[in-house]
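Have the viewer open as you read.

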Amino acid sequence: MSDDTIRLATMGRILRGRWRFLAILAVVGALVGYGISELFPPRYTTSASVLLPGQWEERELLTQAEIAASSAVVDRAAATLGRTGADAAELRHRVSAKAADGNIIKISGTADTPERAQRLSDRVAQQFVTFAVRLAGDSTDPDTATGPEALRQKVAETNQRITDLADAAGPGRTVESVQTRTELEKLRAGLQEAMKKLDKADPAANKAGMVVMGPAARPAGEAPPTRTQLVAAGALLFFLLAVIGHLVAARANRRLRTEPEIAAALGSALLGTVDVPGGRRAYRTEVRGARARIRRLLGVDIRWDVPAPQTSGDEAGRRIRYRRVCARLRDQLPAPRRLLVVVPDGDEIARRAAGQLVAEAGSDPSLRVVAVSVLQPMVPDRDAESGALVVLSAGSWTAEELAGIAEACADGRHEVVGTVVAGAVRARPERPADRPPDDAPPALAVQGNAGRGSV
């Protein structure tokens, strides 16, 4: 499986073989998400909109948004809310502003209750308008500050001069005086119209026209991430990490799965393959203790990365495979035929296959089963045995582990005469005694053939 492409079938095997473990991890992830939600209290967010009348460029709107969220505005709002010191500094991280379409600045405030969030957004919006008006009216440039006021003073003096000239021209009894007074009044009217246009074009007047577009709406729900979102995210994260961990472990798996690879790693010939009924549960280890009970509780005591067991024949068909292995041993070994059957410790399928092999062999050949640890393999010294027979299951051991077993046999002066590979299968249900086999010919056909033969 280490060289195979990850397919949907692999995902299906993970879900079927590890569903209990994945479900427990998802529950643990949900509990972690719930714990995180307890550490971070719920937050509520709402926004207040401020309209900026007139013509504004995009960069000017961005500048106004920065001003709305600046400490100069937020600190003033905090003062009106009775928040000072550290509380005022905390509010700066809970206020944000952005420019929206239509010359609108949206000011958002976040608090631990809906009422406080609404109050914070409204106060910041009000303080922003007040600060913008003050900023527009107060400038650090002396020419900018005194220019409009000096111009108005000059206009007032000009109006007074026009009045004096009109009085000096007389009451308008002559044609010249009437023309003079008319020209002076036209000049006065033009001057007043120019001052009206100047007042309308004054940027301070535009900025003074900022308005808050109503109070902020009271938030109806929590701001993300909510407690429900954190719980769901924790469960999903742990579930995905568990699946990814299984896939990584499967890709890194170097256990031998084919009979030629196993025989080559042991340096011996393959004598045959045998079947052990029990299906996937046959891969469950028989280790006792608290650790084994925990593994069984989590559902990780049965391997998931083995192929689905095939349905085997009946008991007679399975026994034929064992007898054939025994026959090959008789043909290969001289009398008296005594062998040491080496089984890797923890390989339940191999242990059951070795027991069945001993039962079928009887006394010829005489087989003695020993369990060998793959971590520190140790085989008994040779006594009267003619060699060693290694029985193991496919997909359970790496080439290095099998090479260690072969070296242990060599150290004990046992020649590995052969290898038997055992595989788990699903046994067919037993047929009732009065039921004929599935492949038996129909009774009418048998009678018909018998009748034709007798004619």
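Predicted model: local features only at pLDDT ≥ 70, side-chain atom pairs only at ≥ 80, totals over all residues.

## The sheet

Strand β5 and strand β9 (residues 416-425) run parallel, joined by seven bridges. Strands and helices here are DSSP runs numbered from the N terminus (E, at least two residues, for strands; H or I, at least four, for helices), and two strands pair if DSSP finds at least two bridges between them.

Zooming out, the open sheet has five strands in the order β5-β9-β8-β6-β7, with parallel pairing. At the edges sit β5 (270-277) and β7 (366-372), each pairing on one side only. From one strand to the next, the twist averages 25 degrees.

## Helix packing

Helix α11 (residues 259-266) packs on the sheet, touching β5, β8 (388-393) and β9, where contact means heavy atoms within 4.5 Å. The direction of α11 makes about 145 degrees with that of β9; axes are lines fitted to C-alpha atoms (for helices, over the stretch in contact), with angles from 0 to 180 degrees between N-to-C directions.

## A link across the chain

E38 lies in helix α2 (residues 19-39). Its side chain makes a polar contact with that of R227 at 2.9 Å (N or O atoms within 3.5 Å, one able to donate a hydrogen and the other to accept it; residues adjacent in sequence count only if both atoms are side-chain atoms).

Numbering starts from 1 along each chain as its sequence is written, and side-chain values use heavy atoms, leaving out hydrogens and water.
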